[in-house]
Amino acid sequence: MTTITGTSKKPGSKRLFGRDVALVASLTFGSNLLGMLREVIIGRAYGATDQTDAFFAAFTLIAFFLLFFSAGTIQGALMPAYQSRIEEGDRPGSVYILRETTLVVLVIACIVALLVWIFAPHMVNGVFAGFGAKTRQHAIVFTRLLIPIVVLGSLGAIFQSVLHSRREFLSPAI
C-alpha cells in the first residue's frame, strides 16, 4: 500500500526502504541547498554589516539549543516507545506516551527559552567577545527575538517523530 507521500506502509521491504532513504536524503540535500541560498540572499541584500554579524551570531546560539531538542534527542527517545505501542495496537498507550512527552518537552523548552532570554547578554558576551558594543546589543536583541524557534522546533520534532513512525517522510521534510 502506498501513501500520498509515495512511501510504503508495508514494513520490511528492502526496495521500499531504499526509496524511503533516497527520499529523506534528497530532501535533506534540498534543505541544505535552500539554506545556502538563504545565506547568499542575505549576504547580497544586506552585505557584511554589524547587523548581519549580530543576526548570524544570534541564530547560531538559538540553533545550538534547537539541536539539543530536535537532533535525535526527542526522536531517539520517543519513536521507539511510541512505535512499539502502535505495533502492539495499544492506542491509549501510544497517546499517553505522546501526550506526556509533549508536555515534558514543552515545559523544558519553555524553561530553556526563559533562561536564554535572561542570560542572552552573558551568552553573547561569552561566545562573541570580539563584537563591538552596538553589534553585541543587536545580537542580544536578535537572540531574544529568535527564542520561539526553540519551543516551536521542539514541538515540530515530536510531530516529525510521529509522522516518521507512520512511515510518512515527505510531509515532515517540507
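Student: How many salt bridges does the structure hold?

Tutor: The structure holds three salt bridges. This is a predicted model, in which local features need pLDDT of at least 70 and side-chain atom pairs count only at pLDDT 80 or more, while totals for chains, interfaces and linings use all residues. Residues are numbered from 1 along each chain as its sequence is written, and side-chain values use heavy atoms, with hydrogens and water left out.

Student: What makes the pair of glutamate 39 and arginine 38 a salt bridge?

Tutor: Start with the definition: a side-chain nitrogen of Lys or Arg must lie within 4 Å of a carboxyl oxygen of Asp or Glu. For glutamate 39 and arginine 38, the closest N and O atoms are 2.8 Å apart, so the pair meets that cut-off. As background, side chains of opposite charge can pair when their charged atoms come close.

Student: And how do you know that arginine 85 and aspartate 90 meet in a salt bridge?

Tutor: Their N to O distance is 4.0 Å, and the cut-off is the one you have just seen, so the pair counts. Glutamate 100 and arginine 99 form a salt bridge too, with 3.7 Å between the closest N and O atoms.

Student: Why is glutamate 39 called partly exposed?

Tutor: Buried means under 20% relative accessible area, exposed means over 50%, and partly exposed is in between (1.4 Å probe, protein chains only). Glutamate 39 has 33%, so it is partly exposed.

Student: What are arginine 85 and aspartate 90 called, buried or partly exposed?

Tutor: Arginine 85 has 28% relative accessibility and therefore counts as partly exposed. Aspartate 90, at 27%, is also partly exposed. In the remaining pair, glutamate 100 is partly exposed at 29%, as is arginine 99 at 48%.

Student: Why does serine 161 count as buried?

Tutor: Serine 161 has 1% relative accessibility, so it falls on the buried side of the cut-off. Its place is in helix H6, residues 148-165; a helix here is a DSSP run (H or I, at least four residues), numbered from the N terminus.

Student: Which residues is serine 161 in contact with, leaving aside its neighbours within four places in sequence?

Tutor: They are Ile74, Gln75, Leu78 and Met79, where contact means heavy atoms within 4.5 Å.

Student: How much of the whole chain counts as buried?

Tutor: Of its 174 residues, 31% do. The chain has seven helices and zero strands, a strand being an E run of at least two residues.
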